[in-house]
Structures are given as C-alpha cells and as structure tokens.
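My entries are below, in the order I made them.

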Amino acid sequence: MAMIDTWVCVDDEHIYPARLDRSNRWNGWVSPGFTLDAVRQLAAHTEEAAEEYGYDCVDQIKVIDGVPEPVVLHIRWQYLTDEPTTAANVVKPDADGRYWIGGWEWTWYEVEDGPLFYAKKAAYKAWQKVLAESGRRAGEIVRTQMPDATSCLIDLPGHGRIVQVESLSGDGWPTGTDADGEGGYGPFDTETLGEADEVLRKALDHGRDPISLEVSGWRPARDIGEPELHRIVFAPLGREAAGDGPLDEARAKATEARRKLLTETVPYLVEDCRAACPVAAGVLVDPNAAQPFLMFLAHDTKGATDVPVPVALAEKVLDRLAEMFAYRPTNDDLTACGWTQTDQPHADGAYVLTFPAE
C-alpha cells in the first residue's frame, strides 16, 4: 500500500488531516486513518450534527478519556433498537496510532488543497448570500411602484435586466396592451426599473454559475416555457422592507471572502507554476479572459520563458487560476491582493503576480 498524508472530508463542511491509500476505495470513496487529535475534531463535529439533525440519522464518534489511554467509540444510533449488539464498536488505533474510521462505509473524499477548502467554501457562500440579498432588495424596489408584485423574470444575457414582473392580482408588467403606456413601462418609471436592474447586475458581476443561481433562488422559468429567463420570487407580501443594509453587508463580506481566496491561493499557484516552469518568477494573466493564463515570467519578470511545459502541469496552472478568478475579482480586489497591472504592450487589462523568492 502507498500511504500518503492528505486531507479528507465527508460532510462538505469540515476537513481533517488523514493518511490513506488512494487505491483503497469503496465506490470511489477513500478510507482514511486519523491521529487522535483529528478524531477529537471529528467527534466534536458529529456531536454537533447529532444535536442538529437527530441522533437517529447521524453516526457519532466519541472519545472517552481514560487510563491508560483514550477509548474511541463509533456509535450508530439508528441501529440501537433493532441491532443493539452491533450499534457501537470500539475503534482501536493501529501500530502508528492511527484510527481508521468510516472506511468502506462513509463517503470520505480527498481534499488535496487542505485548508484552502475553507476559503473556497466561504467565497461560495458569500456570493450566494449576495445573490439572495440582491433578489430581496430588487423586490423591495419593484414594490415601491407595484405593491402586490410577487416575482420578476430576468434576462441573464441581457445583464440581469428585468423583463417581466408578476403580481398577486394578475396585473403584472408588461401587459402587451395600451396599459403599458407610451414608453412600455406600465406602472414603473425608468429610474425604478433601472435601480432594480443595477442591484441584480452587480450580483451577476461576480458569477453566473447556473447551479449556484438556482440554489440562491434565481430559478429558470421552465413553468412558462422560458428556461432562458430566471425567476426571482420576492419576500411574502406585507413583510417590512429591510432596505440596503443587509445587501451592503453581504457585498462587503463577499469582497472580503474573494480577497481571502485570492490571497490564500497564491502559495498553491506558485507551487503549480514552478512545477510546470522551474524558472518562473511570476505569472501574467488576464482575469477577464475565458482562459486567464498568458505567460510565465522568468528571472527578471520581464518576459516569457521558452522552457517546455508538460501538458498536465500546464492544465493544473489553468485550473488553479480558474479557481482564483471564479468570482470575478475587481481591479481593486486584485490590487489589494498583490497583483499589479502590466505595462507590457498588447496586454491591456492584464495583471502580473510576482512570486516570493524561493
């Protein structure tokens, strides 16, 4: 067996340092071994999950401190009634002090980037919060002109522009009749729709992943045969408007999370770049391009290197940059995180990151 030290996750919430053999898999899932300290972390998290979701649906790990050594229990509460003799077992450490928990039973998966997992997760959740708060705030703005508005349809290719508003009375907009008025805006004025559109556009500035949009309440309007449009359902009628405060707070936290992701990814990017190009002293990228990587910078960071780069290593650099720029950082984000705009000709909008000395 080829054992490696890495990180694993089972709940998409927490990671743990572990040892495993990548070839030892159950339906694709790995079988990790943990130090006692890692087991204590796992035990605390299973206790939290059991209290939140119920002991009858969560396996629990417990560490009982005693003499001469702690005892680790794996308890399956859901089997307690029907199979009481097998509902719990003692997990004994191996010769290296590792506790092998959940192998060929739990859906453990490897997290190769370790603690970067939390920065990625925080950035994702922060962006989802912005999407949700933006939908809420757009609804409040629309209701200043149409108090019984229940939802709106937005055109994502049209930069998040609102193209239809649905109401409780059925008198939505547009009606397709003379009631829409000369400008076609019905009960609205251009300033109101423009303000709501701007709220939605700012949210979309940082990503348009369809799954994340749907999770955040921006759902394709399949029920009316318009899946290219997305519906945002407003807060229940009668709910007091919260104003810009929660949205401003969500935007600030998203900015912080984006910058944290940029900053914490740098050591991994440096490692990937130097594996692909050992003389790399920096990298030149265009964050707004579909493929952001432009070139490695060698020695004095002034030009490209002609060192051959293996395809697999080059792809790893591309993947790493895609992760860094997943939430479309602004110019201010990049500058705040150590990137500088290049003065190289024919590279408008590109940025340079100079690597720390080895």
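**Ground rules.** I am working with a predicted model, where local features need pLDDT of at least 70 and side-chain atom pairs count only at pLDDT 80 or more, while totals for chains, interfaces and linings use all residues. Residues are numbered from 1 along each chain as its sequence is written, and side-chain values use heavy atoms, with hydrogens and water left out.

**Confidence.** I looked up pLDDT, the predictor's confidence in each residue, from 0 to 100. The chain averages 91, and 96% of the residues score at least 70. I then compared the elements; helices (H or I, at least four residues) and strands (E, at least two) are DSSP runs, numbered from the N terminus.

**Strand 1.** I asked which strands pair with strand 1 (two strands pair if DSSP finds at least two bridges between them). Strand 1 (residues 3–9) is antiparallel to strand 2 (residues 15–21), with 7 bridges. In this pairing I found Val8 opposite Tyr16. The hairpin of these two strands has 5 residues between them, and Asp12 there takes a positive phi near 65°. Strand 1 also runs antiparallel to strand 10 (residues 109–110), joined by 2 bridges. Here Cys9 stands opposite Tyr109.

**Helix 5.** Arg258 lies in helix 5, which covers residues 245–276. Is Arg258 buried or exposed? Its relative accessible area is 8%, so it is buried (under 20%; exposed is over 50%, partly exposed in between, with a 1.4 Å probe and protein chains only). Its side chain makes a polar contact with the side chain of Thr255 at 3.3 Å. A polar contact is a pair of N or O atoms within 3.5 Å; within protein, one must be able to donate a hydrogen and the other to accept it, and residues adjacent in sequence count only if both atoms are side-chain atoms.

I also listed contacts (heavy atoms within 4.5 Å). Beyond four places in sequence, Arg258 is in contact with His206, Tyr327, Pro329, Thr330 and Asp333.

Ala254 is in helix 5 too, and is buried at 6%. Not counting residues up to four places away, Ala254 touches Ala126 and Val130. Ala254 and Lys129 are 125 residues apart in sequence, yet their C-alpha atoms are 8.2 Å apart.

**His230.** I found His230 in strand 14 (residues 226–233). His230 is buried, with 8% relative accessibility.
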